[in-house]
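Please read it alongside the sequence and the model.

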Amino acid sequence: MVIIVKESYENFFRAMDQFHRLNLGVLFPEMTKADCMTLMAIDHFNQKEESGVLTVSGLAEKMHAKPPAVSRSLKSLEDRGFIARTVNKSDRRNTYVELTGKGRGEWKRMEREMADFARAVISRMDEEDMCRLIAYLDELYRVANEELEFRKIKNRKEQK
C-alpha cells in the first residue's frame with residue numbers, strides 16, 4: 001500500500017509539473033508570465049466588480065503574490081501603456097491600478113489566442129475523456145482544498 005501511495009504521489013506531481021514546464025511563452029513572446037497573470041487579474045477584477053477601485057496591495061492579495069513582484073510587473077505594463085496607476089490624493093499609501101484602452105485590447109487579443117490554443121488542444125482529445133478528466137480535476141481540487149483548510153485549522157490550534 002505504501003509503495004502504491006508513494007508511486008501515485010510521484011506520478012501525480014510529475015504529471016502536474018509537466019504543465020508548469022510547457023513553454024506557453026511561445027504564445028506571447030513579448031510578455032512575461034507575470035505580466036500575463038497581472039493583466040488577467042486586473043481584467044478579472046474589473047469584470048467582477050461593478051464599482052470600486054483596485055489597489056496595488058489588493059491586486060497582490062488577489063494574485064497571492066508578494067507586492068514587490070506585482071510592482072515590477074506593473075512597472076513593465078505601465079511602461080508599455082497597458083495599465084495606469086494613480087495615487088490616492090487623500091491617502092498616498094494607496095495606489096490604484098486599471099487597464100488602459102491599449103491594455104484592454106491587448107488582454108482581449110491574448111484571451112483569443114489562449115482560447116484558440118485551448119480549442120486546438122481539446123479538439124485532439126476524446127470528448128468523453130475530457131469530461132472525465134475535468135470531473136476528476138474538480139474532485140481533486142475539492143479534496144486538496146479541504147485538506148489545506150484542515151491543515152490551516154490544525155496549525156492555528158498548534159500555535160495557541
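1. Where is His-64 found? His-64 is in the loop between α3 and α4. Although it is not a glycine, His-64 has a positive phi of about 55°. With a relative accessible area of 76%, His-64 is exposed (exposed means over 50%, buried under 20% and partly exposed in between, with a 1.4 Å probe and protein chains only).

2. On the basis of the note: this is a predicted model, in which local features need pLDDT of at least 70 and side-chain atom pairs count only at pLDDT 80 or more, while totals for chains, interfaces and linings use all residues. Residues are numbered from 1 along each chain as its sequence is written, and side-chain values use heavy atoms, with hydrogens and water left out. Helices (H or I, at least four residues) and strands (E, at least two) are DSSP runs, numbered from the N terminus.

3. Helix α3 (residues 56-63) and helix α4 (residues 67-79) have axes that come within 9 Å and cross at roughly 110°; axes are lines fitted to C-alpha atoms, for helices over the stretch in contact, and angles run from 0 to 180 degrees between N-to-C directions. α3 is therefore roughly perpendicular to α4 (65 to 115 degrees).

4. In the contact (heavy atoms within 4.5 Å), Val-56, Leu-59, Ala-60 and Met-63 of α3 meet Pro-67, Val-70, Ser-71 and Leu-74 of α4. By class, the residues of this contact are 7 nonpolar, 1 polar and no charged; Ala, Val, Leu, Ile, Met, Phe, Trp, Tyr, Cys and Pro count as nonpolar, Asp, Glu, Lys and Arg as charged, and the others, Gly among them, as polar.

5. Helix α3 also packs against α2, at an angle of about 105° and with the axes 10 Å apart. α2 is thus roughly perpendicular to α3. Met-37, Thr-38, Ala-41, Ile-42 and Phe-45 of α2 make the contact with Leu-59, Lys-62 and Met-63 of α3. Here the classes are 6 nonpolar, 1 polar and 1 charged.

6. The sheet is open, with 3 strands in the order β1-β3-β2 and antiparallel pairing (two strands pair if DSSP finds at least two bridges between them). β1 (54-55) and β2 (83-87) stand at the edges with a single partner strand each, so one side of each lacks a neighbour in the sheet. Between β1 and strand β3 (residues 95-99) there are 2 bridges, and Thr-55 stands opposite Tyr-96 in β3.

7. Helix α2 (residues 33-48) lies across β1, β2 and β3, and runs at about 90° to β3.

Key
Angles under 35 degrees count as roughly parallel, over 145 as roughly antiparallel, 65 to 115 as roughly perpendicular and the rest as oblique.
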